[in-house]
Amino acid sequence: ESSGYKYQYDLLGDVEAEIYIDRKTGWVKHGKVKQEYSGDMYILENELIEEKMTVPVEIITITDYSTK
């Protein structure tokens with residue numbers, strides 16, 4: 001729920017990750033995560049919206065990280 005609206009999601013996707021470990025310490029040195037999702041978001045009926053609205057959604061995030 002956000003700003004008085006209720007939502008539902010129907011999303012599918014994949015997550016890929018590369019993680020590099022320091023063999024001596026066992027600590028993570030650096031890595032990268034890519035997430036891809038797509039599908040539909042539904043804004044549910046309320047006093048302002050008479051019937052459920054469908055909004056197509058595509059989300060792609062890439063996260064790079066490293067330690068010092």
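What you have open is a predicted model, where local features need pLDDT of at least 70, side-chain atom pairs count only at pLDDT 80 or more, and totals for chains, interfaces and linings use all residues. Residues are numbered from 1 along each chain as its sequence is written, and side-chain values use heavy atoms, with hydrogens and water left out.

**Stop 1: the salt bridge**

Select Lys34 and Glu36 to see the salt bridge, whose closest N and O atoms are 3.2 Å apart. Are the two partners buried or exposed, or something in between? Lys34 counts as partly exposed because its relative accessible area is 29%. Glu36 has a relative accessible area of 33%, so Glu36 is partly exposed too. (Buried is under 20% relative accessible area, exposed over 50% and partly exposed in between, with a 1.4 Å probe and protein chains only.)

**Stop 2: the sheet**

Now switch to a cartoon view and find three strands in an open sheet, in the order E1-E2-E3 with antiparallel pairing. E1 and E3 are the edge strands, each pairing on one side only. From one strand to the next, the twist averages 5°. (Strands, E, are DSSP runs of at least two residues, numbered from the N terminus; two of them pair if DSSP finds at least two bridges between them; the angles, from 0 to 180 degrees, are taken between N-to-C directions of lines fitted to C-alpha atoms.)

Colour residues 7-21 for E1 and residues 28-43 for E2. How many bridges join E1 and E2? These strands run antiparallel over 15 bridges. To see two of the facing positions, select Leu12, opposite Ser38 in E2, and then Glu18, opposite Lys32 in E2. Follow the chain through the hairpin of E1 and E2, where six residues lie between the strands and Gly26 takes a positive phi near 80°.

Next, colour residues 53-66 for E3. E2 and E3 also pair in the antiparallel sense, over 14 bridges. Select Met41 and look across to E3, where Val55 is the bridge partner of Met41.

**Stop 3**

Go back to strand E1 and select Glu16. Glu16 is exposed, since its relative accessible area is 52%. Which residues does Glu16 touch, not counting residues up to four places away in sequence? They are Lys32, Val33 and Lys34, a contact being heavy atoms within 4.5 Å. Glu16 and Val33 sit 17 residues apart in sequence, while their C-alpha atoms are 5.7 Å apart.

Then move to Asp40 in strand E2. Asp40 counts as partly exposed because its relative accessibility is 25%. With residues up to four places away in sequence left out, Asp40 touches Gln8, Tyr9, Asp10 and Leu11, along with Thr54, Val55, Pro56 and Val57. Show the C-alpha to C-alpha distance from Asp40 to Glu16: 22 Å, across 24 residues of sequence.

**Stop 4: Ser66**

Select Ser66, which lies in strand E3. Ser66 counts as exposed because its relative accessibility is 56%. Beyond its neighbours within four places in sequence, Ser66 is in contact with Lys29 and His30. Thr25 is 41 residues from Ser66 in sequence, and 15 Å away from C-alpha to C-alpha.

**Stop 5: a nonpolar patch**

Finish with a surface view, and select Ile19, Ile21, Val28 and Tyr65 together. These residues form a nonpolar surface patch with about 310 Å² of accessible area together. (Patches take residues with over 30% relative accessible area and no salt bridge, joining like charges within 9 Å and nonpolar side chains within 5 Å; areas come from the Shrake-Rupley method with a 1.4 Å probe.) Ile21, one of the patch members, belongs to strand E1. With a relative accessibility of 43%, Ile21 counts as partly exposed.

Terms used
Salt bridge = Lys/Arg side-chain N within 4 Å of Asp/Glu carboxyl O. Helix = DSSP H or I, 4+ residues; strand = E, 2+ residues; numbered from the N terminus.
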